[in-house]
Amino acid sequence: MTQTQALQEYLLRLADSDMILGQRLCELCGKAPALEEEMALMNTALDLIGQARNWYEYVAELIDDGRDPDKLVFRRDAHDYRNLLLTEQPNEDFAVTMGRQFFFDVWHYFTLNSLARSSDERIAGIASKALKEATYHLRRSSEWVKRLGDGTEESHRRMQDAVDILWRFTGELITPDDTDHAMAEAGIGPDPEPLAQDWRGMVNEVLTQATLTPGAEDAWMYMGGKHGEHTEHLGFILAEMQFLQRAYPDATTW
Amino acid sequence: MAEWSLFEVFVRSKHGLNHKHVGSVHAADAEMAMENARDLYTRRNEGVSIWVVPSNSITASASDEKEVLFDPSDDKVYRHASFYQLPDEVGHM
């Protein structure tokens, strides 16, 4: 794997994770528990899709085979998607939605923090802008986790269930592979070890405050999203998201 | 959600200007009210500062007091400073 290939892989992971989580959150449009929460969730979703666009634009330039961001999003199949498995998990109840967001936001925050100092200036620029949004996302999702965890008996039970359900998808966030190592060595991506420590540290801190119990560090983890091996959920997301573009390719008038 | 209370939201659009009432949000506490206000009222670059105030902390004039409170000022045009010659140097006032 050349460094350019590694960079493309790495950028696709960032782009696809943002895109798929954004799409997931958009499913809640019109269905959130309160008007205020609906606006907040959609703001987050649109922030993520906007960030995805920036990453796609860069990766499209590097791939340079004529595909633009739209083509990358609407014409790739599940096995070509590189998003983290966590981001494709279903919304379920509000505790799961917020738990998924929280685990992602912690990873996103520390990753962007490091990418903002990337040796690749384009990446540093995109990340610095995205970091402001991610900082707010993290603030909101960690507050919700604490609120629900340390709330009523029912909200505590649901939030703990959410942590237990989602835990098996968190290993992928902080387990580096060849691409991650290549990016770190080139000074482009974050150092995997501190990233994992930061993630664990903040997750434990928030879950403790929320009176919740994290999963075991050596728990069995689902991985593979970064290599295109997805859970069954991604296919359904893509089917809905890509239908129109697949049915009417290159249509310019609706 | 049923137990969320109402907060009034005030947004300052620029440094130096006043906070202005822009609407209200439901929230479980002030912290959440602040975030909800941010997401509802400042997403198009409307503000540099937000205040949220529990709606039940506001003492409001009653609508049936309207005549007593406000009608007496109706016919007192001399209270407006519109009978003075403004020197040109003052400009807009």
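Asn45(B) is located in the loop that joins α1 (30-41) to β3 (49-54) in chain B; helices (H or I, at least four residues) and strands (E, at least two) are DSSP runs, numbered from the N terminus. The model is predicted: local features need pLDDT of at least 70, side-chain atom pairs count only at pLDDT 80 or more, and totals for chains, interfaces and linings use all residues. Residues are numbered from 1 along each chain as its sequence is written, while chains are lettered from A and ligands numbered from 1 in the order in which they are written.

Most residues other than glycine have a negative phi.

| Residue | Phi | C-beta atoms within 10 Å |
|---|---|---|
| Asn45(B) | near 65° | 7, exposed |
| Asp64(A) | near 55° | 8, exposed |

A residue is buried if 20 or more other C-beta atoms lie within 10 Å of its own, exposed if 12 or fewer, and partly exposed in between, with C-beta atoms placed from the backbone. Asp64(A) sits in the loop between α2 and α3 (69-74) of chain A.

Chain A has 11 helices and 0 strands. Of its 254 residues, 42% count as buried. The C-alpha atoms of chain A fill a box of roughly 55 × 45 × 30 Å along the principal axes. A compact globule of 254 residues would have a radius of gyration near 18 Å, and the 18 Å of chain A agrees; the radius is taken over C-alpha atoms, and the globule rule is 2.2 Å times the number of residues to the power 0.38.

Within chain A, α5 (residues 94-115) packs against α7 (residues 153-166) at about 50°, with the axes 8 Å apart. The axes are lines fitted to C-alpha atoms over the stretch in contact, and angles run from 0 to 180 degrees between N-to-C directions. α5(A) and α7(A) are therefore oblique: angles under 35 degrees count as roughly parallel, over 145 as roughly antiparallel, 65 to 115 as roughly perpendicular and the rest as oblique. Among the residues that meet are Phe103(A) in α5(A) and Met159(A) in α7(A), contact being C-beta atoms, placed from the backbone, within 7 Å.

Between the chains, 9 residues of chain A are in contact with 11 residues of chain B. On the chain A side, α2 (35-63) and α6 (121-149) each give two or more residues, and α2(A) gives the most, with 4 residues.

Key. Contact = placed C-beta atoms within 7 Å.
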